[in-house]
Every structure is written in structure tokens, then in C-alpha cells.
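Please look at the sequence and the model shown here, and follow the chain from one end to the other before reading on.

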Amino acid sequence: MSVEVLDAATIFNFVDDEEAFEISVCDRFAHLDTNHDGLLSYVEMLKELQCLRVFETHFGIDVKPDPDELARVYDSLFMQFDHDSNGTVDLVEFKVETKRMMLAVANGMGFLPVQMILEEDSFLKKAVDRESTRVAV
């Protein structure tokens, strides 16, 4: 993890850079696709969904959620990705939903810089790294 400063423009620029975004999405998809069948099952997606930390509160201190509630939340998140409701997520669905989520984060963030703790392999960290490289050049 690292502490980074980012704003909505950083995320918008990353998503708009089709090549950088496509590479990041394809890399993450390939990493999650443990059986290499070109589809993500619920089990393969579960770790990624858990990384979203939807139940984290109070500055990084996790709360102990009800297991049934947690299962419903992860099921619902998986269904967001599984656009055709066939029980798996293909690369197109994964890319479309990842883009939608990134843009939702950017729209909710605004244009004032925010300091955040980011996982090293997260899409937000990749956006920050891309922006840093672009500004340095």
C-alpha cells in the first residue's frame, strides 16, 4: 500500500487512455482467470470483490459484518459484472463494468485532490502511476 494524491482528472485521464486502461484491465482479468478459460467464475471474482472493501469503516478498521449480508453484497456485485446473467464474466463485461466503476469513483470524488491509501496493484494506483509518468515526461 502507498499513500497517493489523486483527483477525478487522474481517473478520467486513465480511463480515456484506451491503451493504458485496456492493458491494465486485461492484466487484471488474466490474473483473476486462474483456470485460463477466458471467463471469470464467481469464485475467481470473489477475491477481487473482497478487495473493494465495501465494509471497511473508521479509517481502515474493518467491521465484522453478518456473513449472510456479506454473501448478498458479493452476489450483488458479481451480478453487476455478469451483464448477460450466465454465471460468468467475460473480458468485455469485466472491462465495461470496471470502466463504469472507475468513472463513478471519479464523478463522486470531484476535482479537488484527495489523499488516499491505495493497494499497489489497484486500478486507482495504476491511474496515479500513469499520471505521474505523464507529468514527468
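In what order do the elements of the protein chain run from the N terminus on? They run β-α-α-β-α-β-β-α-β-α-β-α, which comes to six helices and six strands, where helices (H or I, at least four residues) and strands (E, at least two) are DSSP runs, numbered from the N terminus. This is a predicted model, in which local features need pLDDT of at least 70 and side-chain atom pairs count only at pLDDT 80 or more, while totals for chains, interfaces and linings use all residues. Residues are numbered from 1 along each chain as its sequence is written, and side-chain values use heavy atoms, with hydrogens and water left out.

Of the 137 residues in the protein chain, 34% are buried, a word that stands for under 20% relative accessible area, with exposed for over 50% and partly exposed for what lies in between (1.4 Å probe, protein chains only). Leaving aside neighbours within four places in sequence, Ser 24 is in contact (heavy atoms within 4.5 Å) with Phe 14, Phe 123 and Lys 126.

Helix 5, residues 91–109, reaches 27 Å from its first C-alpha to its last. At the start of helix 5, a side-chain oxygen of Asp 90 reaches to within 3.1 Å of the backbone nitrogen of Val 92, and just after the helix Gly 110 takes a positive phi of about 85 degrees. Among the buried residues of helix 5 are Phe 94, Glu 97 and Met 102.

The model also holds seven salt bridges, each being a side-chain nitrogen of Lys or Arg within 4 Å of a carboxyl oxygen of Asp or Glu. In helix 5, Arg 100 forms one with Glu 97, the closest N and O atoms being 2.5 Å apart; because these two residues are three apart in the helix, about one helical turn separates them. Glu 97 counts as buried at 3% relative accessibility, whereas Arg 100 counts as partly exposed at 43%.

Another salt bridge joins Asp 17 and Arg 130, whose closest N and O atoms are 2.9 Å apart. This pair links distant parts of the chain, since Asp 17 sits in the loop between helix 1 and helix 2 and Arg 130 in helix 6, 113 residues apart. Asp 17 is partly exposed, with a relative accessible area of 25%, while Arg 130 counts as buried at 17% relative accessibility.

Terms used. Expected span 1.5 Å × (residues − 1). Polar contact = N/O pair within 3.5 Å; in protein donor to acceptor, adjacent residues only side chain to side chain.
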